[in-house]
Amino acid sequence: MIPRAEFVAVKMDMRSSRRIRDRERTQERFLQAMEALNTEFAKSIQARFIVTHGDEAQGMLKRESAPDVLAVAERAINGVFPVELRFGIGIGTLSTPLRPDAIGMDGEAWHAANRALGLARSRRKYVMFSGFGELTDVQLCALANLLLHMRNGWSPEQRRAIELVDAGMMQSAAAEALGVSESAISQRLTSAGWHFYTDGREAVANLLRPRP
């Protein structure tokens with residue numbers, strides 16, 4: 001019997017969405033953030049990200065692209081900041097045909113993502129994982145939540161410096177773009193724990209890589 005292909009389902013929603021003041025503007029930014037994900041991660045996406053309700057969205061990645069999950073979450077977070085998002089990440093097969101957009105499908109992957117998002121809500125976490133293995137799920141949840149907690153504590157100045165450096169800019173170019181000294185950029189990265197964050201990000205990616 002040939003095993004069915006596995007996929008990585010990603011579900012997200014806005015935390016405390018009822019308290020958002022400018023809901024219309026925030027929902028528009030949410031839509032734009034999903035469109036940006038579909039463009040940036042086109043090669044990794046199996047079913048395009050869509051907004052399913054005003055404050056909820058979902059998409060599906062190819063199994064081999066699972067290491068991109070944290071980057072997907074980071075971009076979505078940037079797209080609606082300072083509104084906070086939470087995520088449920090699940091892995092598994094589908095019981096229905098694949099569709100180009102992440103709607104109208106069912107199967108283990110979606111059940112796992114729903115379960116993970118429910119746990120994120122009930123446990124007040126930024127992200128939960130389900131289906132990757134009991135121990136791996138625990139490791140992923142602990143490490144990814146620590147990283148997103150760090151990220152949530154960055155100041156606007158730290159966040160902007162990190163965005164530029166993370167996009168590939170040298171610190172000297174980032175300093176010029178922001179009109180500050182190169183030492184100021186270095187200080188912002190250090191105080192934000194950027195080097196620790198990138199180490200943790202790589203550890204998450206390693207845990208998500210398919211095993212032979």
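## Contacts and overall form

Of the contacts in the chain with a separation of 6 or more, 65% are accounted for by residues 24 or more positions apart. These values come from a predicted model. Buried residues make up 47% of the chain's 212 residues.

The C-alpha trace spans about 60 × 45 × 30 Å along its principal axes. Eight helices and five strands form the secondary structure of the chain, and from the N terminus on the elements follow the order β-α-β-β-α-β-α-β-α-α-α-α-α. The radius of gyration is 18 Å, close to the 17 Å given by the globule rule for 212 residues, so the chain is as compact as a globular protein of that length.

## Helices H5 and H7

Helix H5 covers residues 156-166 and helix H7 covers residues 182-192. Their axes come within 9 Å and cross at roughly 105°, which means that H5 is roughly perpendicular to H7.

On the side of H5, the contact is made by Glu157, Gln158, Ala161, Ile162 and Val165. H7 contributes Ile185, Arg188, Leu189, Ser191 and Ala192. Sorted by class, this contact has six nonpolar, two polar and two charged residues.

Arg29 belongs to helix H1, which covers residues 23-40. Is this residue buried or exposed? Arg29 counts as buried because its relative accessibility is 18%, and the cut-off for buried is under 20%.

Leaving aside residues up to four places away in sequence, Arg29 touches Asn78, Gly79, Val80 and Phe81. A polar atom of the Arg29 side chain lies 3.4 Å from the backbone oxygen of Val80.

Key: Residues are numbered from 1 along each chain as its sequence is written. This is a predicted model: local features need pLDDT of at least 70, side-chain atom pairs count only at pLDDT 80 or more; totals for chains, interfaces and linings use all residues. Side-chain values use heavy atoms; hydrogens and water are left out. Helices (H or I, at least four residues) and strands (E, at least two) are DSSP runs, numbered from the N terminus. Buried means under 20% relative accessible area, exposed over 50%, partly exposed in between (1.4 Å probe, protein chains only). A polar contact is a pair of N or O atoms within 3.5 Å; within protein, one must be able to donate a hydrogen and the other to accept it, and residues adjacent in sequence count only if both atoms are side-chain atoms. Contact means heavy atoms within 4.5 Å. Axes are lines fitted to C-alpha atoms, for helices over the stretch in contact, and angles run from 0 to 180 degrees between N-to-C directions. Angles under 35 degrees count as roughly parallel, over 145 as roughly antiparallel, 65 to 115 as roughly perpendicular and the rest as oblique. Ala, Val, Leu, Ile, Met, Phe, Trp, Tyr, Cys and Pro count as nonpolar, Asp, Glu, Lys and Arg as charged, and the others, Gly among them, as polar. The radius of gyration is taken over C-alpha atoms; the globule rule is 2.2 Å times the number of residues to the power 0.38.
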